[in-house]
Amino acid sequence: MKRSRTRVAFLDRAFRIGVLSACAAALALVVAQAVLAESPSPSAGASGAGASGAASGSPAASGTASSGPTLSGSPSATALATATAKPGATAPAKIDGNTCYSCHTQIGGAQHTIADQWQASVHGQNGIGCADCHGGDPTSDKITVAMDPTKGFKGVPSRQQTVGVCGTCHSNVELMRQYQIPTDQYAKYKTSVHGQKLLLSNDTKVAICTDCHGVHDVKKASDPTSKVYPLNVPALCSSCHSDPKYMDGYNIPTDQLEIYKTSVHGQALLVNKDMRAPNCASCHGSHDAQPPTSTTVVEVCGKCHTATQALYDQSRHAELVNGPKCWTCHGTHDVVKPSEARFFHPSPPQIDCGTCHNLADKTLKLNADRFKNDDDRRCDTCHHVDSLLYSQAQGIKSALDKASSAYDLALTRIAAAAEAGMIVADADVTVTQSKTSLIQARAAVHTTKLTEVASKADAAVTKAKEAQDFADARLAESQNRRQAMIIVLALIAVTILALILLRRGLDHTYEPG
Amino acid sequence: MATQTTAAPNGVVQWFEERVRATALFNALLHVPIPAEAKTYYLGGITLFLFMVQVATGTLLSLYYKPTPEAAYDSVKYITSIVEFGWLIRSIHHWAANGMIIFLLLHVIRIFVQGVYKYPRELIWIFGALLFAVTIGFGFTGYLLPWDQKAFWATTVGTEIAAAVPFIGESLLQLLRGGADVTDATLSRFFGMHVLVLPISLALLLAAHLTVVHQLGIANPKRPSLRPGQLPTPGIVERWKPFFPHYVLDEVIAWAILLALLVVAASVYPAGLEDKADALVTPPHVKPEWYFLAVYQLLKVVPAIGPLTARDVGILIPMLAMVVLVMLPFLDKNPEVAKRKRPVALIIAAIVLIGMGILTWYGGQIPAVAVAAS
């Protein structure tokens with residue numbers, strides 16, 4: 001019995017000593033590991049320096065660093081590290097040396113989503129890793145090393161810093177050459193209304209790179225699912241600019257998208273999916289976004305309407321200081337399809353000197369800018385009915401009306417001939433020539449010269465009449481055919497009648513079988 | 001049974017008669033009796049008339065038509081716009097082609113409903129079914145020849161149907177088109193088929209069809225033909241009427257009416273011509289010619305069955321239908337011809353015809369999207 005108790009006591013002591021020894025060994029191991037991890041390893045140091053060197057060592061990067069926002073570690077970096085790390089998690093497998101992805105994927109939730117978004121993004125696809133924006137050491141699988149501020153870890157950049165983070169690479173010509181994308185976005189952004197407000201007024205509500213291009217899910221601008229894809233740009237801009245609460249304080253309207261949707265441009269882009277149609281960025285710019293001014297609007301519209309701009313430049317309007325520009329007659333977001341009906345008001349309006357002249361300084365200098373109401377965008381808003389220029393505008397309208405009517409009449413006759421089953425290829429060709437001249441005549445209105453418009457309009461009338469003659473000849477031929485058909489039918493009817501009579505005669509003489 | 005015969009003539013005719021002995025031939029061909037109860041509605045004869053119109057107008061058109069992609073469209077435009085009565089010849093050719101398919105279809109329906117494809121006229125039916133296939137081939141190959149947008153794209157989607165045939169579809173498509181796409185090779189072979197292969201095939205099949213019809217005579221739809229050793233039903237007296245001139249005269253009156261209809265159609269709705277074929281400009285709504293719409297639509301609506309894809313099912317159904325059509329006299333074991341004694345066959349045929357009609361109508365509808373776009 002006593003022997004047995006001695007054995008139990010021995011085993012109990014041995015077990016306690018064993019457990020204590022194991023605990024001590026484990027503690028020693030953890031401490032040793034921590035100490036080793038704290039001491040800088042030559043390879044990790046080289047990697048970290050290399051990463052930051054790539055970001056800041058280039059001429060472009062150093063060039064922008066002086067003028068742009070400088071990057072520095074943020075307190076949130078530590079918070080992020082402590083908030084998202086999971087002690088005791090199994091050692092992550094390194095994916096292409098990017099332990100950020102491996103760890104953040106394992107954390108799950110929003111971190112997993114971010115990691116996946118990055119992997120699918122244009123950055124992830126081209127080997128631009130987390131550390132390129134957030135800093136740190138992506139080769140280490142230890143949170144204390146990978147997200148160490150002394151290794152350049154920046155955490156979540158502030159909105160001001162973000163612009164610089166993106167600009168660091170995207171203004172590097174050497175780096176961007178391989179992707180065939182421009183490097184002036186950051187420089188342009190600094191000139192934009194957005195950039196000015198952010199960098200000078202410290203207004204963080206304005207758009208920065210990530211608001212338009214995405215944060216971790218950056219896509220190519222040519223990707224139809226990208227927010228900056230041309231068809232998606234109006235929705236992107238309006239996400240801020242149509243929000244009255246968000247735009248409060250900026251003193252700009254928030255109904256642009258609704259107005260744009262009804263315009264000829266909005267219809268072409270959003271309804272017809274015509275990528276040639278302008279979106280917000282086409283006129284306002286993207287990185288250098290700012291509203292066109294009265295001195296730039298002609299060039300802005302002329303980017304697409306090249307031929308029209310050339311015609312406008314020949315006009316008297318273009319010669320005038322503060323004279324009418326594109327938007328004076330066509331509006332801005334609410335551009336509608338132009339027509340001859342837009343020349344004059346149904347009845348002449350009361351002309352007020354202040355409509356076109358600056359009354360404030362009493363110099364009566366011309367100041368034809370924009371008219372808010374579409375109804376005011378007419379020739380007789382500025383040109384009095386008794387004026388010579390009004391008569392000239394009337395002459396222009398009259399020439400266009402005549403050409404337009406001749407063209408429409410030709411189309412009607414051609415349609416009638418085609419309806420009758422006639423081949424109207426010749427008429428089609430000629431009426432197309434008429435249409436070309438009519439388009440040229442309408443465009444010539446921008447020269448404000450009656451002779452220019454009238455010569456083109458006369459050409460349109462001539463061709464339209466020619467086309468109408470072709471169509472009328474086809475219609476006459478169709479009529480002739482139908483008249484001839486009646487004669488042929490009469491002959492066939494007589495033949496049938498004769499045959500029936502012959503047949504009836506046979507019936508009388510034949511007895512079946 | 002007595003039949004009239006043509007007496008030997010005198011003079012010049014006598015001179016030829018002595019050298020050709022045509023009177024005996026005409027007597028054998030024309031002076032045959034047909035059942036007085038026979039009701040053909042002249043459908044087969046009208047189809048024959050339309051074929052003759054096609055031969056005549058087609059020959060005239062071939063004098064001006066140039067079968068190359070560069071010249072085809074302009075030559076058709078030239079025929080329609082410049083050549084004297086070219087528009088009339090082309091329009092009659094166009095309408096007679098459609099009429100030929102319509103009347104052939106009606107002829108087949110008449111034969112089926114009257115049950116006159118049964119013993120001993122199985123071969124007549126088989127030759128007729130093959131004639132139907134050749135006529136469809138005429139329409140299909142001729143449709144491409146104007147080389148306008150409608151022709152080009154209808155042929156593109158029409159030949160796509162052939163690609164759906166299991167196993168040999170792609171090869172069949174290549175064979176039809178002479179390559180992967182509709183090109184000058186397609187136009188050449190379609191023209192060759194249209195003016196050489198198919199006319200010869202149709203002429204031979206027609207000769208065989210009419211020869212057997214002549215040998216067996218026109219069937220009586222009231223009662224089945226007697227088999228060897230079978231005695232006629234007591235009390236029923238067979239009544240006859242002469243084929244010539246009575247039936248022939250009726251047929252000629254029908255042809256004259258058809259000719260009048262062709263003249264009206266050609267004058268009021270002349271054959272049109274769209275823009276020249278352009279492989280790079282797809283029209284908003286492409287569909288094949290009306291007689292292919294049922295098959296075309298079937299390909300779209302049938303579901304997959306077991307290991308067969310929807311496409312396989314869609315093409316196997318019309319192929320199977322064609323086999324059934326050709327082999328019908330051997331599949332239909334019912335010897336009766338009276339309609340009330342063949343309810344199942346007639347109900348099945350009615351369902352098939354109504355189904356084809358619905359599919360054709362459905363396939364002919366322009367999709368709402370296309371309408372909005374246009």
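C169(A) is partly exposed, with a relative accessibility of 22%. This is a predicted model. The closest cysteine sulfur to that of C169(A) belongs to C133(A). The two sulfurs are 6.7 Å apart, which is too far for a bond.

A disulfide is a covalent bond between the sulfur atoms of two cysteines. The cut-off used here for the sulfur pair is 2.5 Å.

## The largest core

Now turn to the nonpolar cores. The largest one has 27 residues. Within this core, L400(A), A403(A), I414(A) and V431(A) have the most contacts. Three helices of chain A each supply at least two of the core's residues: α25 (388–419), α26 (425–444) and α27 (450–509). The largest share comes from α25(A), which gives eleven residues.

Which residues does I414(A) touch, leaving aside those up to four places away in sequence? The set is V424(A), A427(A), D428(A), V431(A), A467(A) and A471(A).

## A second core

There is also a second, separate core, with 26 residues. Among its members are A72(B), F132(B), I136(B) and W153(B).

## Chain B in outline

Chain B contains 14 helices and two strands. The chain has 374 residues, and 43% of them count as buried. Consider its contacts with a separation of 6 or more: 79% of these join residues 24 or more positions apart.

What about the surface of chain B? The chain exposes about 19900 Å². Carbon and sulfur atoms supply 71% of that area.

## A nonpolar patch on the surface

Six residues of chain B form a nonpolar patch on the surface: M193(B), V195(B), L196(B), V197(B), I200(B) and L204(B). Together they have about 540 Å² of accessible area.

Take V195(B) from this patch. V195(B) lies in helix α9 of chain B, which covers residues 184–216. Is V195(B) buried, partly exposed or exposed? Its relative accessibility is 39%, so V195(B) counts as partly exposed. The partly exposed class runs between the buried limit, under 20%, and the exposed limit, over 50%.

Notes:
Residues are numbered from 1 along each chain as its sequence is written. Chains are lettered from A and ligands numbered from 1 in the order in which they are written. This is a predicted model: local features need pLDDT of at least 70, side-chain atom pairs count only at pLDDT 80 or more; totals for chains, interfaces and linings use all residues. Side-chain values use heavy atoms; hydrogens and water are left out. Patches are made of residues with over 30% relative accessible area and no salt bridge: like charges are joined within 9 Å, nonpolar side chains (Val, Leu, Ile, Met, Phe, Trp, Tyr) within 5 Å. Accessible areas come from the Shrake-Rupley method with a 1.4 Å probe; for residues, only the protein chains shown count as cover. A salt bridge is a side-chain nitrogen of Lys or Arg within 4 Å of a carboxyl oxygen of Asp or Glu. Helices (H or I, at least four residues) and strands (E, at least two) are DSSP runs, numbered from the N terminus. Buried means under 20% relative accessible area, exposed over 50%, partly exposed in between (1.4 Å probe, protein chains only). A nonpolar core is a set of buried Ala, Val, Leu, Ile, Met, Phe, Trp, Tyr and Cys residues joined through side-chain atoms within 4.5 Å. Contact means heavy atoms within 4.5 Å.
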